[in-house]
Amino acid sequence: MSGTERPETSRAERPETSGTERPATSRAEEPDGLYERLVAYEGRSAATAGTGKDPVNLPMIRHWCEAMGDAHPAYRGPDAVAPPTMLQAWTMGGLSGHTDRSSAYEELFALLDGAGYTSVVATDCEQEYLRPLRPGDEIGFDTVIESVSERKTTKLGTGHFVTTRTDVRAGGELAGTHRFRILKYAPAARPDRKPAARAAEPEARSGPRSGAADARPEPRPAPRRPRPVVNRDNAGFWEGVAAHRLLIQRCGDCAALRLPWLPGCADCGSREWDTVEASGAGTVFSYVVMHHPPFPAFDPPYAVGLIELAEGVRMISNVVGVPYDKVRIGMPVRLEFLRVDEELELPAFRAGGED
């Protein structure tokens with residue numbers, strides 16, 4: 001759906017109820033009265049009478065659709081509307097930011113920083129679409145500090161969730177609402193294993209005591225790659241991978257190809273489809289080199305490419321067979337299936353192109 005026919009709500013799972021929390025504890029007690037001072041900011045303005053830096057425009061819509069792979073016809077032509085999920089894009093200030101942020105917002109963050117909650121991570125957003133935005137619409141917005149949570153402890157650390165609500169208007173008419181939630185937190189301490197390692201050093205140098213069994217620790221198993229999420233919409237794709245076939249969905253009505261797999265066609269909305277097998281030929285359309293953060297089972301730096309297949313669809317995968325700093329846009333690549341552990345094979349693309 002285009003989101004232009006009726007109000008829709010796009011939700012992400014709220015961390016407060018995601019099961020990642022534990023009872024609120026921390027190494028130091030929170031300053032007395034801090035929470036009462038924080039909640040006093042609820043309902044206060046974070047930005048008033050803000051204006052979008054540009055009106056809604058076709059070039060930005062086109063770039064968005066190309067980046068997202070969204071070919072819906074509602075976003076093209078003389079009667080085009082903007083994708084509803086672009087709602088926040090029209091209010092963003094860019095690298096130079098906005099000058100209309102209120103002092104209340106800065107004061108709230110200063111309180112949190114002063115209490116040791118100096119780190120920040122965006123956790124989720126929620127949007128409601130009330131009317132479509134069209135090229136030429138001038139955007140105005142107001143932002144309010146909607147809520148500040150009690151102190152929460154998550155896997156990242158202890159802090160407070162802060163939710164702001166932005167009402168987006170076009171020509172003075174409410175077009176949509178954007179809620180954005182962040183966590184201001186003090187990072188959790190990482191366990192320090194160095195003392196234990198130092199305590200073991202003398203015995204390691206002198207050898208085990210007489211009559212003692214060899215107490216050397218068992219080698220840890222190598223970390224495994226994260227498992228792909230397999231559901232009813234993409235199970236056929238992973239069945240193909242297991243058989244060393246890269247399957248692309250093909251719409252049963254308009255014959256448009258799509259990858260990744262979706263339950264319906266983005267071009268015509270049809271739910272009928274079959275598959276075609278990719279030839280395996282492709283080129284690097286774009287790429288990034290991952291340096292940080294390091295993850296178990298990954299050895300940075302490594303290249304992650306957006307691969308354009310010969311059939312015209314694109315997919316994300318590793319580029320192998322060439323040093324990470326030699327990957328280039330336009331480089332020909334060829335599909336192969338990479339076994340990453342005893343249970344899992346993944347499609348990857350080896351530099352070198354056609355056989």
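Leaving aside residues up to four places away in sequence, Gly157 touches Lys152, Tyr185, Ala186, Pro187 and Ala188, where contact means heavy atoms within 4.5 Å. This is a predicted model, so to speak of local features takes pLDDT of at least 70 and side-chain atom pairs count only at pLDDT 80 or more, while totals for chains, interfaces and linings use all residues. Numbering runs from 1 along each chain as its sequence is written, and side-chain values use heavy atoms, with hydrogens and water left out.

Back to Gly157: this residue sits in strand β6 (residues 157-170). Strands (E, at least two residues) and helices (H or I, at least four) are DSSP runs, numbered from the N terminus. Gly157 counts as buried because its relative accessibility is 2%; the cut-offs are under 20% for buried, over 50% for exposed and partly exposed in between (1.4 Å probe, protein chains only). Tyr117 is 40 residues away along the chain, and its C-alpha atom is 9.2 Å from that of Gly157.

Now the nonpolar cores, meaning sets of buried Ala, Val, Leu, Ile, Met, Phe, Trp, Tyr and Cys residues joined through side-chain atoms within 4.5 Å.

| Core | Residues in core | Some members |
|---|---|---|
| Largest | 22 residues | Leu246, Leu259, Val284 |
| Another | 15 residues | Leu133, Ile139, Val168 |

In the largest core, Ile307, Leu309, Val319 and Phe349 are also among those with the most contacts inside it. At least two residues of this core come from each of α5 (235-242), β8 (247-251), β12 (302-309), β13 (314-320) and β14 (332-339). Leu259 touches Phe237, Leu247, Leu309, Val313, Arg314 and Met315, again not counting residues up to four places away in sequence.

Strand β8 also takes part in an open, antiparallel sheet of three strands, ordered β9-β8-β10; two strands pair if DSSP finds at least two bridges between them. β9 (257-258) and β10 (273-277) are the edge strands, each with a single partner, so one side of each has no neighbour in the sheet. Five bridges join β8 to β10, and Arg250 has Asp274 in β10 as its bridge partner.

A cavity here is a set of points on a 1 Å grid over the protein atoms alone where a 1.4 Å probe fits but cannot get out, and lining residues have an atom within 4 Å of a point. The largest cavity has a volume of about 90 Å³. Twelve residues line it, with Ala82, Pro84, Arg131, Pro132 and Leu133 nearest its centre.

Notes:
1 Å grid on protein atoms, 1.4 Å probe; cavity = no way out; pocket = protein on both sides within 12 Å on 5 of 7 lines; lining within 4 Å. Points joined across faces, edges and corners; volume = space filled by probe spheres on them.
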